[in-house]
Amino acid sequence: MRVHSKFGRFVVYLLLAVCSLAFVMPFIWLLSTSLKPIDQVMSLPMTFFPRVYAADLDGRHREVSLDFAVGQAGAVAVVTAGPEAGRRVFLSDQQLASRSSDVRVLHRVEPGWWHITAHVDATRVVRPGSGVNSDVVEGARWDIVPRSAVESRIRFRWRNYTEALATIGGDPGEPGSTAAMNHVSFWVFLGNSFTVCVLGVIGTVFSNSIVAYGFARLRWRGRDVLFAVTLATMMVPFPALMVPLYGVFRALHMVGTLQPLWLPTFFGSAFNIFLMRQFFLTIPEELSEAARIDGCSEWRIFLRIILPLSKPVLAVAALFHFLYAWNDFLGPLLYLSRKRTFTLSLALQSYQSQTGGVQWHYLMAASTVTILPIIVLFLFTQRFFVQGIATTGTKG
Amino acid sequence: MNRIEWRRFRAGIAFTGLWIVGLGAFTAWPVVASLYYSFCDYSILKSPVWSGLENYRELIHDDLFWKSLRNTLFYAGLSVPLGTVVALSLALLLNCEVRGRSLFRLFFYLPSIVPMVASAMLWLWIFNGQYGLLNWVLAPILAPFGLHPPAWLADPLWAKPALVIMSLWGVGNAMVIYLAGLQDVPRELYEAAAIDGATGWRRFWHVTLPLLAPVIYFNIIMALISSLQIFTQAYIMSEAANGNGTVSDGNPARSTLFYTIYLFTVAFYDLRMGYASAMAYVLFVITVALTWLATRIARRRMLNLD
């Protein structure tokens, strides 16, 4: 539809821009958080770009963290006597007046100056007892300086990704320790997800195309009844089947393996049968008839005539199944209990509960990695996606 | 059956055989077994013991069952209409001949294919009361009125609305369907309406909406059915609010104890499979009633089901 007035067009573009911002913002926030050091994740005011700060601390130019702004005037001083001798303290003007005897003032502090601390990267103090913490910082660890004395530049912390992937399967630990034995590599989760997706896609394309052919191109007694039943099963909610299905796979000794997640695709699914049947119905019957007169069997007609003409619908079904299997959470939660068998979705959730949900930078990095394959897949197959949704949603 | 009919029948069974097995093992049997279990006392470890209507009787007096049903209906009642309005509005905007339409469509559609677990993580962080993106945006807007944004997922009053907001981020799928429907509306109808002097709002109300009605109906019912099954996002978020790995609470204060979450807990944490099956059947009946409505509408206007 065409909007004619200039004002109308302006409003349309404005609304589109605002809505786009609302839809895209969460992604930007996801990426931004995944590339920040944790102290900038949990700090106010919020920033979108992760930064590094550097300042002179006792004559050395160092990376520092920006802690907070100081509210009152005073001074940074060194205690010269007593049990705390040598300690660096901040004293307000009042405090300074009352204890001028045992301190030596280093410099004045004006209100609005910033408290900075020599930066110790969180990951370098992870293992207690290795002494990393103490020898990274020599001399003074903190100071209070004017904001202008702190220089900053944008730096993405790509290491979040390697660290998140290293810890998603639990604490990697020292080689040989129990922690290391229980640790599961990220690649195992990725492998599990791909196994479920790829086998599921093969099953979906294989079984549903054959079954749909039986419904669309063959005439036989009982077909229409069976097809009606097939459609009816689409309305059965998965949660209602959960308990007996668990029992079925338990009886087959498949609980705890990936099999319950892909095996059923080899036996068809109502939705995909319906989708493919509708497509097969649009292929002219004359093609099959001609082949039959030439003595072709139904299997040959299916393989040589129908399948080659049905690539678009096969692609749509394959894509949708890949998406479904990659995103599925309830299925893996139901059947899988050992970490080694987890799919990426389940591993991500277990990572969140095992870290207590405060390591936001790692969680966002791991989430990004989970989303990425889907986005890449989408960008390469956009055409099929849009086509697929439109046909399944409106015309059927 | 004569010989030809018999041959055709054999071919039909040969092609659909896989599905007949799958239908039996993964749908028909579970549907029947579920019904049987719902009249039994059954933990997966021992064989079921008949207990008549006991499970259903208990269900009527189970406060948590009613709570979970109310929570679920509240969520569905809010997310379905809002989702429909947002999806339809976006589709209408995109249907105006705008430059960069495919880019806008990409923006709106992408969130709907993000894995639910990942988007639950993301929104958990966006809803963070202290450092979250949403309150960073809202706080300055609300401040002049002396208001503070809520703590969302930590607040029993706001946890469900938060999940509704999150669901709006995923309306892209419905939007694409509506857009396709809009593009099928014949141009001549708009031209005819223009000649009759109908513009803007009236054209939408009297031309677009009636033509789109079947698609909208169908989508509303589908959205309703899936929102009755809300699970993943609520499971993850309530576990995060809880911190100790149990979900049965539907934290905070059972405000996110949804039907499927309660069902899952009863079945796989308490191992009360019979009781869970009774719950499953109640859900099944609700869903069937709604789907019957959907197919009735769809049969009339859209799907070629014969």
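Tutor: Let's start with a term: two residues are in contact if their C-beta atoms, placed from the backbone, lie within 7 Å. This is a predicted model, where local features need pLDDT of at least 70, side-chain atom pairs count only at pLDDT 80 or more, and totals for chains, interfaces and linings use all residues. Residues are numbered from 1 along each chain as its sequence is written, while chains are lettered from A and ligands numbered from 1 in the order in which they are written.

Student: How many residues does the contact take from chain A and from chain B?

Tutor: Both chains take part in the contact. From chain B come 80 residues, and from chain A come 80 residues.

Student: Which helix of chain A gives the most to the side that touches chain B?

Tutor: Helices (H or I, at least four residues) and strands (E, at least two) are DSSP runs, numbered from the N terminus. Several helices of chain A each supply at least two residues to this side, among them helix 1 (6-34), helix 7 (186-216) and helix 17 (360-395). With 15 residues, the one that gives the most is helix 17 of chain A.

Student: Where in chain A does pLDDT stay under 50?

Tutor: pLDDT is the predictor's confidence in each residue, from 0 to 100. Chain A has a mean pLDDT of 85, with 92% of its residues at 70 or more. Where pLDDT is low, the predicted coordinates should not be read in detail. In chain A, pLDDT stays under 50 over residues 122-138.

Student: What separates the centres of domain 1 and domain 2 of chain A?

Tutor: Domain bounds come from an automatic or database domain assignment. For chain A, that assignment gives domain 1 (51-162) and domain 2 (184-354). Taken over C-alpha atoms, their centres are separated by 60 Å.
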